[in-house]
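Subject: Structure for you to look at

Hi,

Here is the structure I promised to send over. Have a look at it first, and then read on for what turned up.

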Amino acid sequence: MGISSHFSNDDLARAWITRFSSDRRRVLTAGAADEQLKADQQIEADTIWAFDALEDLISRDFDRAWAIVLRILDLAGEDENVLDNLAAGPLETLLARNGRTVVEWVEDEARRNPKFKNLLTGSASESVYKA
């Protein structure tokens with residue numbers, strides 16, 4: 001039983017989003033750089049568990065990992081940094097490791113959800129058919 005069992009899907013998704021949010025990637029003035037660096041380091045320390053938990057789930061509980069990927073997508077809004085990291089990270093890994101198992105889910109979701117279909121363009125989605 002990993003760390004992920006201690007958190008709800010929503011908590012995990014929100015922490016994962018916080019870790020990759022574009023709000024953290026703003027241009028800084030020289031005077032604010034040290035303060036922002038400390039704040040970013042704290043956010044990364046506070047949210048590393050979400051990154052690790054989702055990676056763990058992709059390997060051992062892809063049903064839950066799939067649900068969390070969709071929840072992140074739902075909560076991310078138009079945050080390109082979150083969406084890019086989701087596509088090239090958890091979604092791509094999920095497809096590469098469990099492609100044959102999740103291919104129907106991916107196809108169904110892409111048909112009904114334009115945002116998900118667009119997300120697939122940021123992952124190596126051909127991995128679905130190789131796994």
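A quick definition before the details: a helix axis here is a line fitted to C-alpha atoms over the stretch in contact, and angles run from 0 to 180 degrees between N-to-C directions. Please also keep in mind that this is a predicted model.

**The overall picture**

Of its 131 residues, 40% are buried. The accessible surface comes to about 7400 Å², and carbon and sulfur atoms account for 50% of that. If you take the contacts between residues at least 6 apart in sequence, 78% of them join residues at least 24 apart.

**H1 against H4**

Helix H1 covers residues 9–20, and its axis comes within 9 Å of the H4 axis, with a crossing angle of roughly 110°. Angles of 65 to 115 degrees count as roughly perpendicular, and H1 and H4 are therefore roughly perpendicular to each other. Their crossing is right-handed. On the H1 side, the contact is made by Trp16, Ile17 and Phe20, while H4 brings Asn81, Val82, Asn85, Leu86 and Pro90. By class, that contact has six nonpolar residues, two polar and no charged.

**H3 against H4**

Helix H3 (residues 62–75) and helix H4 (residues 80–112) have axes that come within 10 Å and cross at roughly 130°. That makes H3 oblique to H4. This crossing is left-handed. From H3, the residues in the contact include Phe62, Trp66, Val69 and Leu73, and from H4 they include Leu83, Leu94, Trp105 and Glu109. The contact of H3 with H4 divides into 16 nonpolar, two polar and two charged residues.

**H1 against H3**

H1 and H3 pack with their axes 9 Å apart, at an angle of about 55°. The two are therefore oblique to each other. H1 passes H3 in a right-handed crossing. Asn9, Asp10, Leu12, Ala13, Arg14, Trp16 and Ile17 are the H1 residues here, and they meet Arg64, Ala67, Ile68, Arg71, Ile72 and Leu75 in H3. This contact has eight nonpolar residues, one polar and four charged.

A few residues turn up in two of these contacts. Trp16 and Ile17 of H1 meet H4 and also meet H3. Ile72 of H3 is part of the contact with H4 and of the one with H1. On H4, Val82, Leu86 and Pro90 take part in the contact with H1 and in the one with H3.

Ala76 lies in the loop between H3 and H4. Is Ala76 buried or exposed? The cut-off for buried is under 20% relative accessible area, and Ala76 has 8%, so Ala76 is buried. Which residues does Ala76 touch, leaving aside its neighbours within four places in sequence? Ala76 is in contact with Ile17, Val82, Leu83 and Lys115. Of these, Ile17 and Val82 also belong to the contact between H1 and H4. Ser21 is 55 residues away from Ala76 along the chain, yet their C-alpha atoms are separated by 8.4 Å.

Cheers

Notes: Residues are numbered from 1 along each chain as its sequence is written. This is a predicted model: local features need pLDDT of at least 70, side-chain atom pairs count only at pLDDT 80 or more; totals for chains, interfaces and linings use all residues. Side-chain values use heavy atoms; hydrogens and water are left out. Helices (H or I, at least four residues) and strands (E, at least two) are DSSP runs, numbered from the N terminus. Angles under 35 degrees count as roughly parallel, over 145 as roughly antiparallel, 65 to 115 as roughly perpendicular and the rest as oblique. A crossing is left-handed if the near helix is turned anticlockwise from the far one by less than a right angle, and right-handed if clockwise. Contact means heavy atoms within 4.5 Å. Ala, Val, Leu, Ile, Met, Phe, Trp, Tyr, Cys and Pro count as nonpolar, Asp, Glu, Lys and Arg as charged, and the others, Gly among them, as polar. Buried means under 20% relative accessible area, exposed over 50%, partly exposed in between (1.4 Å probe, protein chains only). Accessible areas come from the Shrake-Rupley method with a 1.4 Å probe; for residues, only the protein chains shown count as cover.
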